[in-house]
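Keep the sequence and the structure in view while reading.

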Amino acid sequence: MKYLYYIILSTIITVSHAQSVQWASEVIGFSSQYSDAKWSAQQVLGKPNTMPQGGKGLCSWVPDIKEKEVWIKVRFEKSMQIRQVVVAENYHPGSIYGIIAWDSTGNISKIVYDEKALRLDEKSRMLNAIFPLTDFKVAAIELLIDGKTWHEQIYIDAIGISASKLLIKAAINLPDGLKEEFILHAFPGAKKISYKPEKLGKNINTAYLENHPVT
């Protein structure tokens, strides 16, 4: 049972509907960062690390919210026309008020998201900005953030782009037949087995944050 529980914890983040998503591959610039390692701007690169559960993950960009202008600009490996920008706001969501799409030359841009920043009740969210297909290939995305939305730090986990209109959501990629409520067919002919999560001992679980290694 412990082995099966470990499998559940080891599952990776995937994207629902098997949509084609590009996650940011390079940071072009940013207003500030909490440190050069954990909570740095580099932590927004790649797919989400702490979603869908969200929280104050070490692998998140944490800017200085006291600055007059809070922003980050990232590049993607392949330029493409897009219909959606997705942002993993894994703690204190709602502070993003603008998203700008840029072409590879940096001369052509378009505001694809323009909304009032709001202090949301939910702990975390996947922000999905949906819009008509861009008339140019997008190479970079810039987020504009209102730091006054929250009195505490905000955490942003990942930034992605897609040509799909289907909402991109982070989910746990469970093996076929494995559900949160039951572990099915542990052995041939076995009945449904209820289970309770249990720690695997001091060699696995400690008092420290271990959701993702950061140096």
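Start at glutamine 84, which touches Asn128, Ala129, Ile130, Phe131, Gly160, Ile161, Ser162, Ser164, Lys165, Leu166, Leu167 and Ile168, leaving out residues up to four places away in sequence. Contact here means heavy atoms within 4.5 Å. The model is a predicted one, in which local features need pLDDT of at least 70 and side-chain atom pairs count only at pLDDT 80 or more, while totals for chains, interfaces and linings use all residues. Residues are numbered from 1 along each chain as its sequence is written, and side-chain values use heavy atoms, with hydrogens and water left out.

Glutamine 84 lies in strand β5; strands (E, at least two residues) are DSSP runs, numbered from the N terminus. Glutamine 84 is buried, with a relative accessible area of 0%. Buried means under 20% relative accessible area, exposed over 50%, and partly exposed in between (1.4 Å probe, protein chains only). A polar atom of the glutamine 84 side chain lies 2.9 Å from the backbone oxygen of leucine 166. The backbone nitrogen of isoleucine 168 lies 3.2 Å from a polar atom of that glutamine 84 side chain.

Next come the charged pairs. How many salt bridges does a search of the whole structure find? The search finds 2, where a salt bridge is a side-chain nitrogen of Lys or Arg within 4 Å of a carboxyl oxygen of Asp or Glu. One joins the side chains of arginine 75 and glutamate 26 (3.0 Å, N to O). Arginine 75 is in strand β4 (residues 70-80) and glutamate 26 in strand β3 (residues 26-30), so the pair ties together parts 49 residues apart in sequence. Arginine 75 is partly exposed, at 33% relative accessible area, and glutamate 26 is partly exposed, at 36%.

Arginine 125 and glutamate 89 also meet through their side chains in a salt bridge (2.6 Å, N to O). This pair links strand β8 (residues 125-130), which holds arginine 125, to strand β5 (residues 84-91), which holds glutamate 89, 36 residues apart. Both arginine 125 and glutamate 89 are buried.

The largest nonpolar core has 32 residues, of which Val85, Ile99, Ile141 and Ile159 touch the most other members. Such a core is a set of buried Ala, Val, Leu, Ile, Met, Phe, Trp, Tyr and Cys residues joined through side-chain atoms within 4.5 Å. Strand β4 gives the most to this core, with 5 residues.

Note on methods:
Helix = DSSP H or I, 4+ residues; strand = E, 2+ residues; numbered from the N terminus. Polar contact = N/O pair within 3.5 Å; in protein donor to acceptor, adjacent residues only side chain to side chain.
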